[in-house]
Amino acid sequence: MSTESRFERFNDIWSSFLRPGAIVPRKSDIRPMAFGDLLPDVSLVQCHAPGDYRFRLLGSGINQRMGSDPVGENVLSLMHPRTHDYIVQWFELSMAQRTQLSAKPIFCLSVTAVTS
């Protein structure tokens, strides 16, 4: 399956978790098993505060490629410092949009591109 197809499938599944008008699903609406064969390449990040974005779950494929399991670590600690501003902007935009609905920490999911 092409990387583009994987992202399209991920987006379709992610969108199925959204309630009407929401841009980020509630934690209780996320069903990890719905990702099926994408699950080994899915990560879940919990956004606690600006600059504090911790891995909550990483699929086995990601862990294997990384050679470790960074669950609990801040995403920024694993990224090149030049990417931090972009990553912070992306998470903060997601948090700002989500906190209009709730003050609770939010979760962000992503699928990792894997080429064979």
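Buried means under 20% relative accessible area, exposed means over 50%, and partly exposed is what lies in between, computed with a 1.4 Å probe on protein chains only. Keep those cut-offs at hand for the tour.

The model is predicted: local features need pLDDT of at least 70 and side-chain atom pairs count only at pLDDT 80 or more, while totals for chains, interfaces and linings use all residues. Residues are numbered from 1 along each chain as its sequence is written, and side-chain values use heavy atoms, with hydrogens and water left out.

**The whole chain**

Start with a cartoon view. The protein has three helices and three strands, and from the N terminus on the elements run α-β-β-α-α-β. Helices (H or I, at least four residues) and strands (E, at least two) are DSSP runs, numbered from the N terminus.

Accessible areas come from the Shrake-Rupley method with a 1.4 Å probe, and for residues only the protein chains shown count as cover. Of the 116 residues, 35% count as buried. For contacts (heavy atoms within 4.5 Å), take those with a separation of 6 or more: residues 24 or more positions apart account for 48% of them.

**Stop 1: the hairpin**

Select residues 42-49 and 52-58. These are strands β1 and β2, which pair in the antiparallel sense over six bridges. Two strands pair if DSSP finds at least two bridges between them. Show the side chain of glutamine 46, then look across to β2, where arginine 54 stands opposite. While you are looking at side chains, recall that in a regular strand they alternate between the two faces of the sheet.

Next, go to the turn. The hairpin of β1 and β2 has two residues between the strands, and glycine 51 takes a positive phi near 85° there.

**Stop 2: aspartate 29**

Select aspartate 29, in the loop between α1 and β1. With a relative accessible area of 15%, aspartate 29 is buried. Not counting residues up to four places away in sequence, aspartate 29 touches Phe17 and Arg19. The side chains of aspartate 29 and arginine 19 also make a polar contact at 2.6 Å. A polar contact is a pair of N or O atoms within 3.5 Å; within protein, one must be able to donate a hydrogen and the other to accept it, and residues adjacent in sequence count only if both atoms are side-chain atoms.

Aspartate 29 and arginine 19 form a salt bridge too, with the closest N and O atoms 2.6 Å apart. Both residues sit in the loop between α1 and β1, 10 residues apart. Arginine 19 is partly exposed, at a relative accessible area of 37%.

**Stop 3: more salt bridges**

A salt bridge is a side-chain nitrogen of Lys or Arg within 4 Å of a carboxyl oxygen of Asp or Glu. By this rule the count comes to five.

Select aspartate 37 and arginine 9, a salt bridge whose closest N and O atoms are 2.6 Å apart. The pair links distant parts of the chain: arginine 9 is in helix α1 (3-16) and aspartate 37 in the loop between α1 and β1, 28 residues apart. Aspartate 37 counts as exposed at 51% relative accessibility, whereas arginine 9 is partly exposed at 26%.

Then select arginine 65 and aspartate 41, with closest N and O atoms 2.8 Å apart in their salt bridge. Arginine 65 lies in helix α2 (residues 60-66) and aspartate 41 in the loop between α1 and β1, so the pair ties together parts 24 residues apart in sequence. Arginine 65 is partly exposed at 45%, and aspartate 41 is buried at 8%.

**Stop 4: proline 40**

Move to proline 40, also in the loop between α1 and β1. Proline 40 is partly exposed, with a relative accessible area of 31%. Draw a distance between the C-alpha atoms of proline 40 and leucine 58: they are separated by 7.6 Å, and the two residues are 18 apart along the chain. Leaving out residues up to four places away in sequence, proline 40 touches Gly59, Ser60, Gly61 and Ile62.

**Last stop: a nonpolar patch**

Finally, select Met66, Leu78 and Met79, which make a nonpolar surface patch of about 240 Å². Patches are made of residues with over 30% relative accessible area and no salt bridge; like charges are joined within 9 Å, and nonpolar side chains (Val, Leu, Ile, Met, Phe, Trp, Tyr) within 5 Å. Methionine 79 is in the loop between α2 and α3 (84-99) and is partly exposed, with a relative accessible area of 35%.
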